[in-house]
Amino acid sequence: MSDTQWPRYQVFHQARPDRPHLNAGSVHAPDPELALLNARDVFVRRPPCVSLWVVQAADITGLTAEELAAGQWPERPAEPGRAEEPYLVFIKREARGTHEHCGEVQGSSPQQALQRAVREVKVSPALVYWVCPKRSVLASEPDQGPSLFGPAQDKPYRDQAFYHTDSLMRDIRRNDGQEPEGS
Amino acid sequence: MAEPKNAPAADPRLPAFEQRIGRGEKIEPGDWMPEEYRQQLIRMISQHAHSEVVGMLPEGAWITRAPSLRRKLVLLAKVQDEAGHGQYLYHAAETLGISREEMLEALLAGKAKYSSVFNYPTLNWADIGIIGWFVDGAAILNQTMLARCSYGPYSRAMIRISAEESFHHKQGKEQVILYARGTALQRRMVQEAVERWWWPTLMMFGPHDQASPNTPTLVRWGIKTKTNDELRQVFVNQTVPEIHALGLRLPDPELRFESSVGNWIHGPIDWDEFWRVVKGDGPCNAERLATRRAAHEQGQWVREALLAYSRRSGGAMAA
């Protein structure tokens with residue numbers, strides 16, 4: 001069944017324009033375009049979502065706080081001929097939390113980008129850093145918003161608050177149950 | 001990361017690991033963990049993922065026969081959620097070093113376990129309501145507990161899943177309430193559905209604590225925080241009074257309220273039946289697997305087409 005062992009893409013989900021993109025999980029896909037569609041199906045069945053990013057997991061380089069303290073930088077040298085380019089920086093800020101987009105740095109290799117992220121992106125505590133070249137990210141386009149995220153908006157029946165079972169059951173138990181009305 | 005098997009206690013990193021769990025910290029994918037912790041989590045999360053995937057089948061069969069457009073939209077959305085939940089969970093298991101393909105292969109080969117309750121048939125529409133109330137209600141109790149578990153990716157998947165499942169639970173309960181207060185035929189349908197699903201739902205919580213060998217380890221490492229029997233009791237206490245208030249009967253002549261402990265006590269569970277179904281001999285085991293295999297085979301051309309498109313457009317799979 002190796003036919004579906006497609007690359008894994010990390011998915012970043014933005015709930016509101018004024019909020020950062022957060023890591024939602026990952027999907028498998030043969031290319032970034034399908035990764036974006038799969039991400040929509042898996043992570044945006046409900047609002048709110050205004051933007052999605054997908055990045056192949058292999059394009060992300062990570063560094064934990066322990067590795068940083070021990071000076072264990074990941075071995076990811078520059079690709080030959082690769083000029084300095086922008087990298088996105090994601091940081092996991094709390095033990096229960098998930099990675100969030102915290103800024104951008106320039107780098108000629110993932111390692112250099114990580115070094116600059118540690119120095120330049122002021123976030124504390126920073127438990128795990130992730131960097132990826134900006135060119136490796138596929139972002140949903142603003143004009144795709146209605147077709148990608150619109151369908152989640154008009155399905156109120158996906159929300160538990162749509163059903164009034166608690167009050168229905170309360171009424172039934174009050175009227176029919178062991179406590180007769182007026183008692 | 002491979003640890004010598006059967007020697008986790010000897011590892012000098014174990015005390016620090018257990019202290020982290022004691023402080024309520026989450027263990028994350030890159031962190032050191034005992035091999036048994038990893039294996040237990042892979043076992044639990046993959047079984048859970050398979051349950052979501054196979055769980056689509058008993059209800060999926062009723063989408064085309066929903067009694068109204070509203071019910072059809074709701075059931076479609078619910079089944080689609082289960083597919084998504086399977087994906088969240090396969091993702092969480094993958095962070096432990098197993099591939100999605102290995103898990104799918106184990107499922108299709110009949111080697112993987114999934115919740116035994118999905119091997120029972122859905123005979124009429126009232127079953128859809130009862131599954132939402134009983135089966136999803138039982139699942140939510142388990143998931144709410146697992147949302148507090150010590151492994152970060154599993155815990156986060158459970159938080160998202162629990163929130164979505166409460167829609168599943170309430171849409172089912174709403175249907176049961178309406179049927180219980182409906183026509184004589186509707187009342188009979190829902191009464192029979194209650195009788196069909198009560199015992200399989202109680203079995204969903206798993207064997208009694210004294211027959212559940214994994215539980216102490218799972219509790220010690222913060223994977224589970226309640227035992228099978230504790231969760232089952234919560235479910236029984238929640239459900240019995242509401243079923244009675246609706247004028248429905250549970251198929252258990254020994255069911256009684258024990259006021260000294262404040263619990264509803266159920267009669268003996270037929271564990272022979274449970275093990276028969278778990279081991280593959282339930283009413284629908286063969287049918288469920290055959291449906292999964294057919295879906296996988298019939299989806300082959302879609303995977304090939306996606307791959308061909310990716311190659312042509314220079315995507316990640318381009319040679």
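This is a predicted model: local features need pLDDT of at least 70, side-chain atom pairs count only at pLDDT 80 or more; totals for chains, interfaces and linings use all residues.

Reply: Residues are numbered from 1 along each chain as its sequence is written, chains are lettered from A and ligands numbered from 1 in the order written, and side-chain values use heavy atoms, without hydrogens or water.

Helices here are DSSP runs of H or I with at least four residues, strands are E runs of at least two, and both are numbered from the N terminus. Axes are lines fitted to C-alpha atoms over the stretch in contact, and angles run from 0 to 180 degrees between N-to-C directions. The crossing of helix 3 with helix 6 in chain B is left-handed, meaning that the near helix is turned anticlockwise from the far one by less than a right angle (clockwise would be right-handed). This contact holds 12 nonpolar, four polar and nine charged residues. Ala, Val, Leu, Ile, Met, Phe, Trp, Tyr, Cys and Pro count as nonpolar, Asp, Glu, Lys and Arg as charged, and the others, Gly among them, as polar.

Helix 5 of chain B (residues 125–146) is another partner of helix 3 of chain B: their axes come within 13 Å and cross at roughly 45 degrees, so these two helices are oblique to each other. On the helix 3 side, Arg71(B), Leu75(B), Lys78(B) and Glu82(B) meet Trp125(B), Ile128(B) and Asp136(B) of helix 5; contact means heavy atoms within 4.5 Å. By class, that is three nonpolar, no polar and four charged residues.

Between the chains, 39 residues of chain A touch 47 of chain B. Six salt bridges cross this interface, a salt bridge being a side-chain nitrogen of Lys or Arg within 4 Å of a carboxyl oxygen of Asp or Glu. Arg45(A) and Glu164(B) form a salt bridge at 2.7 Å, N to O.

Most peptide bonds are trans. In chain A, the bond from Pro47(A) to Pro48(A) is cis, with omega near -5 degrees, and Pro48(A) sits in the loop between helix 1 (32–43) and strand 3 (51–56).

Terms used. Angles under 35 degrees count as roughly parallel, over 145 as roughly antiparallel, 65 to 115 as roughly perpendicular and the rest as oblique.
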